[in-house]
Amino acid sequence: MNSAIEFGPALLVVLALLTLAGAGVVRFGELGQGRAVVWAAVRAVGQLALVSLVITVILRSGWLTGLFVLLMFGIAAVTAAARIGAARRLGWVALALASGVAPVLALVLLSGVVPPRPISVVPIAGIVIGGTMTATSLAARRALDELVQRHGEYEAALALGFLPRLAALEICRPSAGQALIPALDQTRTVGLVTLPGAYVGLLLGGAGPIQAGVAQALVLIGLLAAEAIAVLTTVQLVATGFIRRDEPVRRRRPLGWTPWRQPSGAAR
């Protein structure tokens with residue numbers, strides 16, 4: 001029996017209704033701009049259509065697969081830097097991402113747990129890169145917001161003799177660690193509350209429940225490890241000032257300036 005979701009008019013209607021429902025709730029519930037939901041949905045469909053057209057070519061070649069993974073990583077780094085508001089610090093954001101993604105992918109591939117074949121590498125890499133991107137963005141945003149809002153406490157810590165990096169860590173580390181909550185909750189409740197995409201996808205593709213469960217466990221635990229490493233690196237880079245929000249205009253830095261201090265005249 002074919003259990004795959006069929007493409008057809010019914011699917012298109014359902015997708016359109018879901019998009020309009022999401023946009024309507026966001027718009028009339030004053031949660032943001034409804035068109036952002038529509039644009040995200042349109043982009044998702046368009047990008048998936050494009051990937052579906054080229055993926056068969058990519059999966060025929062090992063080096064094309066490697067380039068595709070690098071492209072995914074590059075887009076993730078740019079997206080995370082933009083979300084943080086640190087486009088000029090793209091290299092440091094990419095370093096935070098790579099610190100989590102690279103060791104996890106290297107371990108699962110070099111150990112032979114994941115076969116080094118394009119059809120296996122692309123989905124695993126995509127899941128790990130995507131989850132780590134989100135965790136890095138959340139960690140940096142929370143850390144930078146906390147340092148701005150509690151700047152007086154940071155200065156008090158300096159007055160007590162803390163080094164700048166340690167003072168910043170005392171302020172921002174707990175809030176940045178909250179970026180791991182989604183991954184932790186998903187890992188804790190898998191099979192009880194949710195059946196994640198990798199598990200369902202393998203079942204729809206014809207794999208047995210045990211095989212799907214093993215693959216999903218590897219994905220979840222690997223993703224949790226990658227996110228934890230990336231969040232730790234992100235916090236350290238924020239505390240040392242390597243990741244900070246872009247300043248709107250160049251100006252002379254006043255005495256006592258720190259990388260995360262809110263620009264003068266900004267809304268408080």
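In this predicted model, helix 3 and helix 4 pack at an angle of about 120°. Their axes lie 9 Å apart. Helix 3 and helix 4 are therefore oblique to each other, since an angle over 145 degrees would be needed for roughly antiparallel and 65 to 115 would count as roughly perpendicular. The crossing of helix 3 past helix 4 is right-handed. On the helix 3 side, the contact is made by F73, A76, A77, V78, A80, A81 and I84. On the helix 4 side, L90, V93, A94, L97 and A98 take part. This contact of helix 3 with helix 4 comprises 12 nonpolar residues, with no polar and no charged ones.

Helix 3 covers residues 62–84. At 1.5 Å a residue, its 23 residues should span 33 Å. G85 follows helix 3. The phi of G85 is positive, near 90°.

Helix 4 also packs with helix 5. The axes of helix 4 and helix 5 come within 9 Å and cross at roughly 150°. Helix 4 and helix 5 are therefore roughly antiparallel to each other, because angles over 145 degrees count as such. Helix 4 passes helix 5 in a crossing that is right-handed. Helix 4 contributes A96, L97, V101, V104, L105 and L109 to the contact. Helix 5 contributes V121, I124, A125, V128, I129, T132, M133 and T136. By class, the contact of helix 4 with helix 5 holds 12 nonpolar residues, 2 polar residues and no charged residues.

A125 is located in helix 5. Its relative accessibility is 1%, so A125 counts as buried, the cut-off being under 20%. Leaving aside residues up to four places away in sequence, A125 touches V69, M72 and L105. A125 and V104 are 21 residues apart along the chain. The C-alpha atoms of A125 and V104 are separated by 9.4 Å.

Notes. Residues are numbered from 1 along each chain as its sequence is written. This is a predicted model: local features need pLDDT of at least 70, side-chain atom pairs count only at pLDDT 80 or more; totals for chains, interfaces and linings use all residues. Side-chain values use heavy atoms; hydrogens and water are left out. Helices (H or I, at least four residues) and strands (E, at least two) are DSSP runs, numbered from the N terminus. The expected span of a helix is 1.5 Å times one less than its number of residues. Axes are lines fitted to C-alpha atoms, for helices over the stretch in contact, and angles run from 0 to 180 degrees between N-to-C directions. Angles under 35 degrees count as roughly parallel, over 145 as roughly antiparallel, 65 to 115 as roughly perpendicular and the rest as oblique. A crossing is left-handed if the near helix is turned anticlockwise from the far one by less than a right angle, and right-handed if clockwise. Contact means heavy atoms within 4.5 Å. Ala, Val, Leu, Ile, Met, Phe, Trp, Tyr, Cys and Pro count as nonpolar, Asp, Glu, Lys and Arg as charged, and the others, Gly among them, as polar. Buried means under 20% relative accessible area, exposed over 50%, partly exposed in between (1.4 Å probe, protein chains only).
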